[in-house]
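Subject: The model we talked about

Hi,

Here is the structure for you to open alongside this note. Have a look at it first, and then read on for what turned up in it.

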Amino acid sequence: MADLSVRELPLFPLPDIVLFPRDVLPLHIFESRYRMMLQTVLEDDRRFGVVRWNPNTQTMASIGCCAEILQHQTSEDGRSNIVTLGQQRFRVLDVVREAPYRTAMVSWIEDDPVEDRDQLTELAQNVSQALRDVVELTGKLTDSPAALPEDLPELPRELSFWIGAHLGGPVAEQQQELLELTDTSERLKLEFEMLDETRRQLAARTVLRDTLANVD
């Protein structure tokens, strides 16, 4: 893990929301403190930090992702709708202000250098295939067309972030774990385990459904 730089960043804690690099996150801003934050951010570099707030423990994660505002629209009552894009991940070093909104000194973090690129590429291909199988099996079970986006990332790190961002269900704990990893291989291995388990379950359900359908 490399600390590339340190800066002060406004923070937006969100209950069980984990933002990943290159993921799009639309937000509705209505609280007065975050209206103030939005105004400040728009006057600066249009960036703030999204961090997961755990509603069960009432704690904020120490690793988050910087969000850059791509679009914003403010209504007459002061509420705003914005569209953001995940950028770099960061580690919260020190919360320097709590009011009117939280700001912290953060350091940027990146994945560790790749030691075996061929092995990583093979792992990414296996993960990609497991993902395609899950989508195909889900489509069969729901009798509805299902397909992955044409621009699905091919590079291992970007693929691992995309999968982390698109996990279904209440999986904020798992998403936070994936976000915090700085080893691309480890992130992909965890995602393969999740996808492979889902693939096995869906395959079993498909066989069961087909078997029952053939019973007179």
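A quick definition to start: a residue is called buried when its relative accessible area is under 20%, exposed when over 50%, and partly exposed in between, using a 1.4 Å probe and protein chains only. Please keep in mind that this is a predicted model, so local features need pLDDT of at least 70 and side-chain atom pairs count only at pLDDT 80 or more, while totals for chains, interfaces and linings use all residues. Residues are numbered from 1 along each chain as its sequence is written, and side-chain values use heavy atoms, with hydrogens and water left out.

**Aromatic pairs**

Rings of Phe, Tyr and Trp (its six-membered ring) pair if their centres lie within 6.5 Å; planes under 30 degrees apart are stacked, over 60 edge-to-face, and the rest tilted. There are four such pairs in the structure. One of them joins Phe 12 and Phe 48, a tilted pair because the planes meet at 50 degrees, with the centres 6.1 Å apart. Phe 12 sits in strand E1 (residues 6-15) and Phe 48 in strand E3 (residues 47-54), so this pair ties together parts 36 residues apart in sequence. Strands here are DSSP runs of E with at least two residues, and helices are runs of H or I with at least four, numbered from the N terminus. Phe 12 is buried at 7% relative accessibility, and Phe 48 is buried too, at 1%.

Another pair is Phe 90 with Trp 108: the centres are 6.4 Å apart and the planes at 75 degrees, so it is edge-to-face. Phe 12 and Phe 48 also belong to one aromatic cluster with Tyr 34.

**Nonpolar cores**

A nonpolar core is a set of buried Ala, Val, Leu, Ile, Met, Phe, Trp, Tyr and Cys residues joined through side-chain atoms within 4.5 Å. The largest has 28 residues, and Phe 20, Leu 131, Ile 163 and Leu 195 have the most contacts inside it. Helix H2 (117-142) gives the largest share, ten residues. A second, separate core of 17 residues includes Val 41, Phe 48, Ala 67 and Ile 82.

**Cysteines**

With a disulfide taken as two cysteine sulfur atoms within 2.5 Å, the count is zero. The sulfur of Cys 66 is 6.9 Å from the closest cysteine sulfur, in Cys 65, which is too far for a bond. Cys 65 is buried at 0% relative accessibility, and Cys 66 is likewise buried at 0%.

Best wishes
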